[in-house]
Amino acid sequence: MFPERGSGEDEVLRELEEKTKEDLTFDSGKILGSMCTYPHPLAIKVVTMYIDRNLGDPGLHVGSHEIEREAVEMLANLLGLEKGYGHIVSGGTEANILAVRAFRNLSDAEKPELILPESAHFSFIKAGEMLGVKLVWAKLNDDYTVNVKDVEEKITDNTIGIVGIAGTTGLGVVDDIPALSDLALDYDIPLHVDAAFGGFVIPFAKALGYNIPDFDFRLKGVKSITIDPHKMGMVPIPAGGIIFRERKYLEAISVLAPYLAGGKIWQATITGTRPGANALAVWAMIKHLGFEGYKKIVRTAMELSRWFAGELKKIPGVHLIREPVLNIVSFSTKNLEEVERELKERGWGISAHRGYIRIVMMPHVRKEHLEEFLRDLKETMERL
Ligand code: 0PR
């Protein structure tokens, strides 16, 4: 009920504390299946300091607007482009919708179709529905990468674009983006890479010597990339990223807002009023951590995932879905539903809804948490 009179700050905060008691928190070490993490302290500070900035009216917040542009440029650089065009948006969902929207608007297909792997994130289902684009699902290979031959067979005159995934939601698998890029160039169809998760992992893991396929703008068929700072980028929610290779993609989705403080403004994002603070936090984190800082975070996460995969293999009744590619390890067990229930009862923030349990080695996940989890898993397997 909407209260007639307000309560004191202390009372409001006490009530909130009480009501959020059941939330799992990242510092508890119990959240093992999330792609988010506790944000970096500097990012929190920046968000607090600039909480009032609105990138929906860039003429008011000219400095913040420029900082967003610089953040987009640095992300584009990380992804192999000297200059890119895009925005810091609300997350991977918005970024993917914007890419599909750009491809659709630039195409003259009568009945637009998008070819995407069966492993694609459900955000594309929203995109397809909202944009009137038919989704054509391509099969996966045994190693859970998309079958490029099947993608090719599904190309028609109505194909507006192809999607490849660099870090799938369930398994962290990276598709053969070089082959998809060649295909896209051969058929003159734009390729979108969903690196919502992998964007802040793969460049650093490659620099550390991990053997992962190329996935970014260095491949000429790649026209847009989703990369989310609110996943492995250590920035508070909401912070997603969409980067286009050329200005025309951004122009194709821009709508005129003629009355704002900066005069006539072209707006490409789905959200109008949107947080400047988070875009500033993206900029601040990239400046603060630099390539070396992110590399260090990724090194720990990758090493933990290899160690954890090895430990899982030692437990009878547990099997890895596949060897980890990034910092995601997924496994199945006999009596999976019961195992899930038991682990949840023991307080673990995991789910097995896809037929396996996904563990994401986010920066808040430490070895001692995983050791405790492995003990619980072992006990559970022995008992069931
Ligand atoms: N693309 C990929 C490859 C993703 O994995 C995700 C989200 C998205 C796009 C959409 O991103 P937004 O959620 O930012 O719009 N993947 C996570 C998942 O579904 C989202 C998530 C994050 C779920 C934290 C749970 C959680 O605790 O697993």
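**Ligand shell and domain interface: a tour**

Helices here are DSSP runs of H or I with at least four residues, strands are runs of E with at least two, and both are numbered from the N terminus. The model is predicted, so local features need pLDDT of at least 70 and side-chain atom pairs count only at pLDDT 80 or more, while totals for chains, interfaces and linings use all residues. Residues are numbered from 1 along each chain as its sequence is written, and side-chain values use heavy atoms, with hydrogens and water left out.

Now show polar contacts, that is, pairs of N or O atoms within 3.5 Å. A polar backbone atom of G92 is 3.0 Å from an oxygen atom of the ligand. In the side chain of K231, an N or O atom is also placed 3.0 Å from a ligand oxygen. For H121, the distance from a polar side-chain atom to a ligand oxygen is 3.3 Å. The ligand taken alone exposes 590 Å², and the protein buries 77% of that; the areas come from the Shrake-Rupley method with a 1.4 Å probe.

Zoom out and colour by domain. Domain 1 covers 9-39 + 294-383 and domain 2 covers 42-287, with bounds from an automatic or database domain assignment.

The C-alpha centres of the two domains are 27 Å apart. Select the contact residues, using heavy atoms within 4.5 Å: 28 residues of domain 1 meet 32 residues of domain 2. The buried area, meaning accessible area (1.4 Å probe) lost on putting the two parts together and summed over both, is about 2600 Å², and carbon and sulfur atoms give 77% of it. On the domain 1 side, pick P39, Y294 and L326, which lose the most area to domain 2, together 28% of what that side buries.

Finish at the loop between β6 (222-226) and β7 (240-244), where P238 is placed. The peptide bond from I237 to P238 is cis, with omega near 0 degrees. M234 lies in the loop between β6 and β7 too; the phi of M234 is near 70 degrees, a positive value in a residue other than glycine.

Technical notes. A polar contact is a pair of N or O atoms within 3.5 Å; within protein, one must be able to donate a hydrogen and the other to accept it, and residues adjacent in sequence count only if both atoms are side-chain atoms.
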